[in-house]
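Here's a friendly walk through one protein model. Have a look at the sequence and the 3D view before reading on.

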Amino acid sequence: MSEPDSSQTLFWTKRWEQGKIPWDCGGIPPSLVEFLRRVPGPTRVLIPGCGSGYEVRAFHEVGHDVSAIEFSAPAVAHAREILGPLGERVIHGNFFKHDFAGNRYGLVYERGFLCSLPTERWTDYAARMAALIPPGGKLVGLFLYGNEPEPPPFPLTEPVAAELLGRFFRRVYSESVEDSVPVYKGLERWQEWERIPG
Ligand SMILES: C[S@@+](CC[C@H](N)C(=O)[O-])C[C@H]1O[C@@H](n2cnc3c(N)ncnc32)[C@H](O)[C@@H]1O
């Protein structure tokens with residue numbers, strides 16, 4: 001049987017079951033800690049493809065109303081174990097199919113999700129983000145840029161990011177990150193994209 005591609009739950013479930021999770025940084029990325037110090041007021045936050053979901057606690061502790069969504073069952077179980085009572089914030093579902101019941105999010109946090117998706121899914125990612133984030137809201141987090149001979153991860157390039165996200169968002173912040181896990185080394189940038197009207 002051929003290997004499922006990385007848009008399929010099975011691809012990720014296999015890795016979670018085998019404990020092969022080299023993207024997992026074991027805690028809260030320092031860039032997020034820094035962002036949380038300067039972000040204004042509490043808002044509704046979504047973390048798609050949350051994996052271990054450490055960041056749920058970080059957002060919660062500073063007063064945000066945070067939810068996360070993850071489609072691989074062992075990852076959801078793992079996140080709920082890590083998060084204890086906050087585990088109820090993790091939705092077991094597919095970001096592209098879940099019914100968010102009309103909720104919109106002032107902040108969506110990205111790490112390791114866009115780059116986990118085959119590039120054919122990227123326009124759906126951008127459209128879904130645009131639908132979930134109202135004008136003025138932000139898509140923020142760690143995005144990968146560069147070349148990866150054996151994806152996933154699938155990194156962005158500047159022109160692709162401008163074309164893909166620039167339709168709905170304006171980039172308001174971008175900074176290279178030095179403390180990435182080895183599989184993301186040299187590729188990660190902390191970025192903030194603000195939803196524009198339309
Ligand atoms: C590379 S991991 C990153 C996990 C986490 N964000 C982190 O930074 O450690 C990608 C995660 O996204 C999840 N995922 C991929 N596609 C998804 C989808 N359509 N809906 C929900 N979760 C998804 C996978 O199961 C996997 O746990």
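## Before we start

This is a predicted model, in which local features need pLDDT of at least 70 and side-chain atom pairs count only at pLDDT 80 or more, while totals for chains, interfaces and linings use all residues. Residues are numbered from 1 along each chain as its sequence is written.

Helices (H or I, at least four residues) and strands (E, at least two) are DSSP runs, numbered from the N terminus. Two strands pair if DSSP finds at least two bridges between them.

## The sheet

Let's begin with the strands. Seven of them form an open sheet with mixed pairing, in the order E3-E2-E1-E4-E5-E7-E6. The edges belong to strand E3 (90-92) and strand E6 (169-176); each has a single partner strand, so one side of each is left without a neighbour in the sheet. From one strand to the next, the twist averages 20 degrees. For angles like this, axes are lines fitted to C-alpha atoms (for helices, over the stretch in contact), and values run from 0 to 180 degrees between N-to-C directions.

Strand E1 (residues 44-48) pairs with strand E4 (residues 107-111) in the parallel sense, over two bridges. Here leucine 46 stands opposite valine 108 of E4, and valine 45 has leucine 107 of E4 as its bridge partner. E4 is also parallel to E5, this time with five bridges, and glutamate 110 has glycine 141 in E5 as its bridge partner.

Phenylalanine 59 sits in H3. It counts as buried because it has 26 C-beta neighbours inside 10 Å; the cut-offs are 20 or more other C-beta atoms within 10 Å for buried, 12 or fewer for exposed, and partly exposed in between, with C-beta atoms placed from the backbone. Leaving aside neighbours within four places in sequence, phenylalanine 59 is in contact with Val45, His64 and Val66. Contact means that the C-beta atoms of two residues, placed from the backbone, lie within 7 Å.

## The covered interior

How many of the residues of E4 are buried? Five of the five are, so E4 is largely enclosed by the rest of the structure. Both faces are covered: Leu107, Tyr109 and Arg111 are buried on one side, Val108 and Glu110 on the other. E7 (residues 188-195) is mostly covered too, with six of its eight residues buried.

The largest nonpolar core has 45 residues, and Val45, Ile47, Val56 and Val108 touch the most other members. Such a core is a set of buried Ala, Val, Leu, Ile, Met, Phe, Trp, Tyr and Cys residues joined through C-beta atoms within 7 Å. Strand E5 (residues 138-144) gives the most to this core, with five residues.

## Around the ligand

The ligand is surrounded by 19 residues, the closest being Trp12, Gly49, Gly51, Phe71 and Gly112. To be near it, a residue must have its C-beta atom, placed from the backbone, within 6 Å. By class, this shell has nine nonpolar, seven polar and three charged residues. Ala, Val, Leu, Ile, Met, Phe, Trp, Tyr, Cys and Pro count as nonpolar, Asp, Glu, Lys and Arg as charged, and the others, Gly among them, as polar.

Most residues other than glycine have a negative phi, and most peptide bonds are trans. A cis peptide bond joins proline 151 and proline 152, with omega about 0 degrees. Another cis bond joins proline 152 and proline 153, with omega about 5 degrees. Proline 152 lies in the loop between E5 and helix H6 (158-164).

Alanine 101, in the loop between E3 and E4, has a positive phi, near 55 degrees. Alanine 101 counts as exposed because it has 5 C-beta neighbours inside 10 Å.
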